[in-house]
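This report walks through one protein model, from the whole chain down to single residues. Please look over the sequence and the structure before reading on.

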Amino acid sequence: MPRHPDTLIRPNTVFSCARQRLPSPIRPGQCMSRAELADAVNAALDAIYPRRDVTAHYVDFRWIGKLERGEHRWPSEARRAALRQVFGVPTDLDLDLYSPRRSDGTYAAQEVVKPRPGSWDETIHLLREQWHLLVQNDKMFGPEYALMGVTRQLLAIEDLLHEVPQALRPAAVRLAAQYAESAAWLNQSLNEHAAGNHWTQQALAWAGQIADPIMTAWATYRSSQQRLTSGHPAQGVEQAEAALRYDQKLPGPMRAALRVQHAHALAATGEHRAAMLLLDDAHRWAADRRSGKPEGDHGSYCTSGYIEVHRGACLRLAQRPAEAITVLEEALPTIPPQHRQDFASALLNKAAAHAAANQPDLAAAAAHHALPIARRAGSRRILHQLAQLGTVVSGHQQLPEVRAFLDDLKEAS
């Protein structure tokens, strides 16, 4: 008689890959060993339960090995809380931990054990949850609104860094880097380049303190975007390549986003074939080909459609506007409507491709479509780029589409 699927032992590759993304505290450039992870779990147990004797829950490298081999799937509640703290994840499911048998047939991994009220663990947990909320605020109310919340939280986190227990300091510093990178993006959306660069460098500094590969890669990715936007594509390529050095330690959607950025920067320097190959490769890691991560995680916007929008942008840079238009027309319907900035940016790319193809009426029509979306998204960056496109088509005001776009653009300014 075949064994019940829940009784089969299978390696927990989610857990082992997560460990390999954690930096070693004493060996620069290397991942955390099983023994080092065990030490971190024991320190987290002491920090989470300061008034309890938790020595019975202490673990060693052999116990970590059993988790990675799948011999254990459901540690004690205290150990699961410590593991979530060390890995910086909100649920047991993020580490593929679950109760093998339940009478109702569902996994207990979907249940989240709340941190102890008033504990440092709860403070970090709440700040992490607030970060996800602020990402949604950016989508709903625009970057100016979201930046107010991010700025307030950054002030609170900077104070927290002076007080947090040493065992929890890496989690707090990682959170600081995460908020700083968000501040960089929001300022970039608001066309505030100096502030965006400042917060990118701050995110890199905090990520470097704890040798965090994910936040270092993501802040370096942001730096590449900023270099490209400021007219320095060769520096954009350098930064994108620096971010990709951490490739093997990153979640799939981040790997896709880094390839897209690298491709865009290469296309801006004339390396068009290399750019297309990178975009092809990015599809392996697209966010819509994976599930289970909450909306708003780094790279979660990098869907197959997003990749193809950037293919259109790269084709335009390669002076192939007709192909760019075809690609963009197919990609536009795949952009989720709540991703307003991405949708407006895709329309802007289509408008620029039409302008390059000497189709000012179609360029103006696409730009006019993008204008109210960019306004609602609160993206001054895209509004500025639309104004630049207005200058490009302004010599064709005899065309009704161009005249309508320019009139609306004048009102917006």
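How many helices and how many strands are there in the protein chain? This is a predicted model, and its chain has 18 helices and zero strands. The radius of gyration is 24 Å, close to the 22 Å that the globule rule gives for 413 residues, so the chain is as compact as a globular protein of that length. Along the principal axes, the C-alpha atoms fill a box of roughly 80 × 55 × 40 Å.

Of the 413 residues, 53% are buried. The protein chain exposes about 19400 Å², and carbon and sulfur atoms supply 53% of that area. Among contacts with a separation of 6 or more, 62% are between residues 24 or more positions apart.

**Confidence**

The mean pLDDT of the chain is 87, and 91% of the residues reach 70 or more. Over residues 1–7 the pLDDT is below 50, and this stretch has six contacts in the model beyond near neighbours in sequence. Residues 102–112 also have a pLDDT below 50, with 17 contacts beyond near neighbours in sequence. Where pLDDT is low, the predicted coordinates should not be read in detail.

**Helix α16 and the residues beside it**

Helix α16 covers residues 360–377, which is 18 residues. From first C-alpha to last, α16 reaches 25 Å, close to the 26 Å expected at 1.5 Å a residue. Where does α16 bend? The bend is at L371 and amounts to about 25°, and a proline, P372, follows within four residues. L371 is itself buried. Other buried residues of α16 include P360, A363, A364, I373 and A377. Just after the helix, G378 takes a positive phi of about 70°.

N358 has a phi near 60°, a positive value in a residue other than glycine. Most residues other than glycine have a negative phi. D96 also has a positive phi, of about 55°, although it is not a glycine. The place of D96 is the loop between α4 (77–87) and α5.

Is N358 buried or exposed? With a relative accessible area of 69%, N358 is exposed, because that value is over the 50% cut-off. D96, at 14%, counts as buried because its value is under 20%.

W120 is in helix α5 (residues 120–141). Its relative accessible area is 29%, so W120 is partly exposed. Which residues does W120 touch, not counting residues up to four places away in sequence? They are L160, E163, V164, P165 and L168. W120 and L168 are 48 residues apart in sequence, and their C-alpha atoms are 7.9 Å apart in space.

E68 is in helix α3 (residues 61–69). At 6% relative accessibility, E68 counts as buried. Leaving aside neighbours within four places in sequence, E68 is in contact with P11, N12, F15, S16, R19 and R34.

| Residue | Relative accessible area | Class |
|---|---|---|
| E68 | 6% | buried |
| D96 | 14% | buried |
| W120 | 29% | partly exposed |
| N358 | 69% | exposed |

Definitions and conventions
Residues are numbered from 1 along each chain as its sequence is written. This is a predicted model: local features need pLDDT of at least 70, side-chain atom pairs count only at pLDDT 80 or more; totals for chains, interfaces and linings use all residues. Side-chain values use heavy atoms; hydrogens and water are left out. Helices (H or I, at least four residues) and strands (E, at least two) are DSSP runs, numbered from the N terminus. Buried means under 20% relative accessible area, exposed over 50%, partly exposed in between (1.4 Å probe, protein chains only). Contact means heavy atoms within 4.5 Å. The expected span of a helix is 1.5 Å times one less than its number of residues. The bend at a residue is the angle between axes fitted to the seven residues ending there and the seven starting there. pLDDT is the predictor's confidence in each residue, from 0 to 100. The radius of gyration is taken over C-alpha atoms; the globule rule is 2.2 Å times the number of residues to the power 0.38. Accessible areas come from the Shrake-Rupley method with a 1.4 Å probe; for residues, only the protein chains shown count as cover.
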